[in-house]
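Here is a walk through one protein chain. Take a look at the model, then follow the paragraphs below.

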Amino acid sequence: MTATPDDDRGIEVPRFDHFFRPVLLELERESPLRTRDVISRVADALRLTEAQRTAAIPSGQSRLDNRTTWACSYLYQAGALTKPRRGIYEITDRGRDLLRTRPDVIDVDDLLQFEEFREFQQRKRDTAAPTETVEPAEGDSPPRERIESAIKAVDTEVAADLLRRLREREPRLFEQAVVDVLLAMGYGGTEQRGKRIGGTADGGVDGVIDQDALGLDQIYVQAKRYAQGNNVGREAIQAFIGALHGFGASRGVFITSSDFTQHARDYAQQIPTRVILIDGTRLAQLMIKYRVGVQVTTTYDLVEVDDDFFE
């Protein structure tokens with residue numbers, strides 16, 4: 001069976017239309033079945049590895065769950081499956097006929113022979129943007145995956161722009177951005193107890209965050225605004241450790257707009273003092289996730305039919 005490379009992990013997972021025939025076979029063996037049981041049985045039938053079963057799309061949903069669910073949805077639109085109750089699928093006579101007439105592979109073209117499915121495809125065309133491709137092409141993925149891949153592409157572009165701007169602006173803005181990200185992540189509590197302390201008398205740290213109201217538990221921050229390719233070495237981590245000891249601290253966060261050398265990473269893993277290293281790529285991702293330095297321009301709602309309404 002041909003498989004499509006998984007975008008996130010390099011793991012091969014069959015395209016969603018390759019699930020058509022296995023779904024029908026499992027439901028022919030036993031109907032009705034809950035969606036989760038269909039997914040489990042199809043995975044077993046296709047002998048998917050554990051890595052294939054757990055590979056995820058950007059939202060974190062299992063790619064196996066996503067593609068099997070869309071396969072069931074397409075077969076339902078074609079009249080090959082019916083849904084007697086919410087989350088329950090059952091094969092129809094049309095589905096059994098497909099298995100009999102298409103003993104090898106069932107694809108989207110096979111579903112187009114049915115008027116209901118052609119109407120479904122036409123509705124997709126009517127609601128699509130003028131430049132959107134609505135016909136499932138070779139290697140195409142379910143709509144939710146395409147939406148999330150598009151969002152991921154936008155996030156990648158925004159992340160690159162964030163890093164460029166951070167590297168171009170004065171160090172104090174970078175230091176403040178670093179503190180703002182940690183506060184947005186929940187450090188410093190609801191009172192946002194954190195501040196930038198960079199400057200000539202900063203004692204070797206650029207920010208401090210109080211984990212409690214009295215400041216008894218503190219996290220110290222080092223922020224290095226370096227150009228791409230100018231990676232932070234072990235010596236800078238050692239200097240930060242010395243600064244932490246000077247404050248009597250046992251943990252800190254070292255954030256850079258570039259990256260860390262392997263020696264620096266190895267050293268941070270070996271020392272007893274807990275130091276978290278965050279490189280530029282990770283920093284930009286956190287800024288997007290926690291909405292620091294970015295703003296939401298458009299929000300889209302994904303909907304599905306409420307089966308309970310029709311029961």
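Start with R165, which at 49% relative accessibility counts as partly exposed. R165 forms a salt bridge with D161, and their closest N and O atoms are 3.2 Å apart. A salt bridge here is a side-chain nitrogen of Lys or Arg within 4 Å of a carboxyl oxygen of Asp or Glu. D161 is partly exposed too, at 27% relative accessibility.

A word on the model: it is predicted, local features need pLDDT of at least 70, side-chain atom pairs count only at pLDDT 80 or more, and totals for chains, interfaces and linings use all residues. Residues are numbered from 1 along each chain as its sequence is written, and side-chain values use heavy atoms, with hydrogens and water left out.

Stay in helix 8. R164 forms a salt bridge with E168, with the closest N and O atoms 3.3 Å apart. These two are also four residues apart in the helix, so about one helical turn lies between them. R164 is partly exposed at 40% relative accessibility, whereas E168 is exposed, with a relative accessible area of 54%. D161, R164, R165 and E168 are linked in a network of salt bridges.

The structure holds 15 salt bridges. One of them joins R100 to D97, with the closest N and O atoms 2.8 Å apart. Both belong to helix 5, and being three residues apart they are separated by about one helical turn. R100 is exposed at 58% relative accessible area. D97 is partly exposed at 35%.

Now step back. The chain has 12 helices and 10 strands. Helices (H or I, at least four residues) and strands (E, at least two) are DSSP runs, numbered from the N terminus. Of the 311 residues, 40% count as buried.

What lies inside? The largest nonpolar core has 30 residues, and F20, V23, L24, L27, L75, L81 and L111 touch the most other members. Such a core is a set of buried Ala, Val, Leu, Ile, Met, Phe, Trp, Tyr and Cys residues joined through side-chain atoms within 4.5 Å. Several elements each supply at least two residues, including helix 1, helix 2 and strand 5 (88–91). Helix 4 gives the most, with five residues. A second, separate core of 24 residues includes A159, L162, V178 and M287.

Take L111 as an example. Leaving aside neighbours within four places in sequence, L111 is in contact with F20, Y74, L75, A78, L98, I106 and F117. Contact means heavy atoms within 4.5 Å. Is T273 buried or exposed? At 9% relative accessibility, T273 counts as buried. With neighbours up to four places away set aside, T273 is in contact with I241, L244, H245, S250 and R251.

Three strands form an open sheet in the order 3-5-4, with antiparallel pairing. Strand 3 and strand 4 (81–82) are the edge strands, each pairing on one side only. Two strands pair if DSSP finds at least two bridges between them. Strand 3 and strand 5 pair over two bridges. R34 has I88 in strand 5 as its bridge partner.

Most residues other than glycine have a negative phi, and most peptide bonds are trans. The bond from S31 to P32 is cis, with omega near -5 degrees. P32 is in the loop between helix 1 (20–29) and strand 3 (33–34). R47 has a positive phi, near 55 degrees. R47 sits in the loop between helix 2 (35–45) and helix 3 (50–54), and is exposed at 75% relative accessible area. R291 also has a positive phi, about 60 degrees. R291 lies in the segment after helix 12 (280–289) and is partly exposed at 48%.

Technical notes. Buried means under 20% relative accessible area, exposed over 50%, partly exposed in between (1.4 Å probe, protein chains only).
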